Amino acid sequence: MPFRIRPDADFTKSFREAAAGELQAARDVIEQRPEGTHQAIHAFRKNLKKVRSLYRLVAADARKFQKQENERLREMARSLSAIRDAEALIETVRYLKSHAPAPEEASSLDRIAAILETRRNWMTEAEAGIEAKLRETLEALKHALWALDDISFPSSPNKAAKLLANGWKRTAAKAHQALEACHGEASDSAFHELRKRTQDYRAHHGLLSPLWPSAMKAKRAAAKELVDRLGHVHDLSVLSDLVEAEPQLFTRSDDLAHLLDAIIRRQQEDRRLALAQAEEIFADSPDEEARRVELLWSSLRK
């Protein structure tokens with residue numbers, strides 16, 4: 001089921017269908033695990049991020065529901081984060097290798113990736129309760145699906161248009177604030193906040209793509225590129241933190257030196273590129289974008 005809210009459908013029904021589609025997809029991938037547990041958890045977390053973005057879009061008109069369900073979905077994702085985070089570190093080292101300027105650095109990064117694979121495998125074996133956590137997750141997803149029966153919105157098209165415009169404005173405004181915080185001597189958390197707000201922005205372009213398919217598709221693609229780049233920025237910070245927290249993992253000093261050089265070099269470049277991308281993506285004002293959404297929704301309802 002497409003992750004969409006259509007202006008030619010009842011708003012409450014369309015909202016419930018969009019959320020239920022992602023929640024059911026999350027259940028299916030945890031139950032079936034077609035590509036193994038690691039990838040299932042990754043796909044599941046992506047489904048939940050989309051639903052949480054949807055709920056943020058209507059937060060002002062469904063505060064209690066949004067707060068309750070956002071907490072439920074956040075806790076589900078957090079309970080399964082450790083193994084996925086360990087997998088992400090391996091992917092990050094492979095990403096660094098793809099940009100390695102010399103064979104010596106590439107070889108060092110290969111050895112470090114192997115160390116992190118061993119670490120991930122050990123964590124998986126040590127995580128004796130993973131199956132129990134997955135069963136608890138399936139139960140929580142069932143309750144998240146049931147909760148959709150309790151949410152409803154006014155049937156008036158004009159009220160739906162204003163609701164969506166206000167939600168869009170909040171999303172865009174938060175993204176602008178996050179972008180502003182990333183200039184100068186910005187912290188890792190500032191770039192991570194920009195990533196989260198861009199994820200919402202991208203999800204909202206997907207949700208409302210029927211309003212203006214070609215423009216929404218192009219903006220959504222640009223936002224995905226930015227989310228991916230900011231994801232690398234975040235993962236590089238996590239990898240740097242691991243080096244500091246678990247230095248005993250890295251037994252060869254030359255490999256560690258290559259790793260730290262690669263992290264610093266790549267993070268600086270990715271931050272620079274991310275800021276340039278973000279300035280272009282968020283060039284329009286939140287008010288202007290919100291007015292456009294309201295007008296498009298209203299015109300397509302006539």
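Helix α11 (286–301) gives the most to the lining of the second largest pocket, with four residues. The model is a predicted one. In it, this second largest pocket has a volume of about 190 Å³, while the largest pocket has a volume of about 1600 Å³.

**Second largest pocket**
- Its lining consists of Trp168, Tyr201, His205, Trp212, Ala215, Met216, Lys219, Glu289, Arg292, Val293 and Leu296.
- At least two lining residues of the second largest pocket come from each of α8, α9 and α11.
- By type, the lining of the second largest pocket has seven nonpolar residues, one polar and three charged.

**Largest pocket**
- The largest pocket is lined by 47 residues.
- Nearest the centre of the largest pocket lie Arg45, Lys46, Lys49, Arg195 and Gln199.
- Helix α2 (37–57) is the main contributor to the lining of the largest pocket, giving eleven residues.
- At least two lining residues of the largest pocket also come from each of α3 (63–79), α4 (81–98), α5 (103–126), α8 (188–207) and α9 (213–245).
- The lining of the largest pocket divides into 23 charged, 13 nonpolar and eleven polar residues.

**Nonpolar cores**
- The largest nonpolar core has 68 residues, and within it Tyr55 and Leu208 touch the most other members.
- Helix α7 (residues 157–181) supplies the largest share of this core, nine residues.
- A second, separate core has 17 residues, including Ile90, Leu236, Ala262 and Ile263.
- Apart from neighbours within four places in sequence, Tyr55 is in contact with Phe15, Ala19, Leu23, Phe65, Gln66, Glu69, Leu73 and Leu148.
- In soluble globular proteins, nonpolar side chains tend to be buried together.

**Helix α9**
- Helix α9 has 33 residues, so at 1.5 Å a residue α9 should span 48 Å.
- The buried residues of α9 are Met216, Ala223, Leu226, Val227, Leu230, Gly231, Val233, Leu236, Ser237, Leu239, Leu242 and Val243.
- Of these, Met216 is buried and also lines the second largest pocket.
- Leu236 is buried in α9 and belongs to the second core.
- Helix α9 supplies at least two lining residues to the largest pocket and at least two to the second largest pocket.

Methods
Residues numbered from 1 in each chain as written. Predicted model: local features only at pLDDT ≥ 70, side-chain atom pairs only at ≥ 80, totals over all residues. Heavy atoms only, no water. Core = buried A, V, L, I, M, F, W, Y, C linked by side-chain atoms within 4.5 Å. Buried < 20%, exposed > 50% of the residue type's maximum accessible area, 1.4 Å probe, protein only. Contact = heavy atoms within 4.5 Å. 1 Å grid on protein atoms, 1.4 Å probe; cavity = no way out; pocket = protein on both sides within 12 Å on 5 of 7 lines; lining within 4 Å. Points joined across faces, edges and corners; volume = space filled by probe spheres on them. Nonpolar A, V, L, I, M, F, W, Y, C, P; charged D, E, K, R; others polar. Expected span 1.5 Å × (residues − 1).
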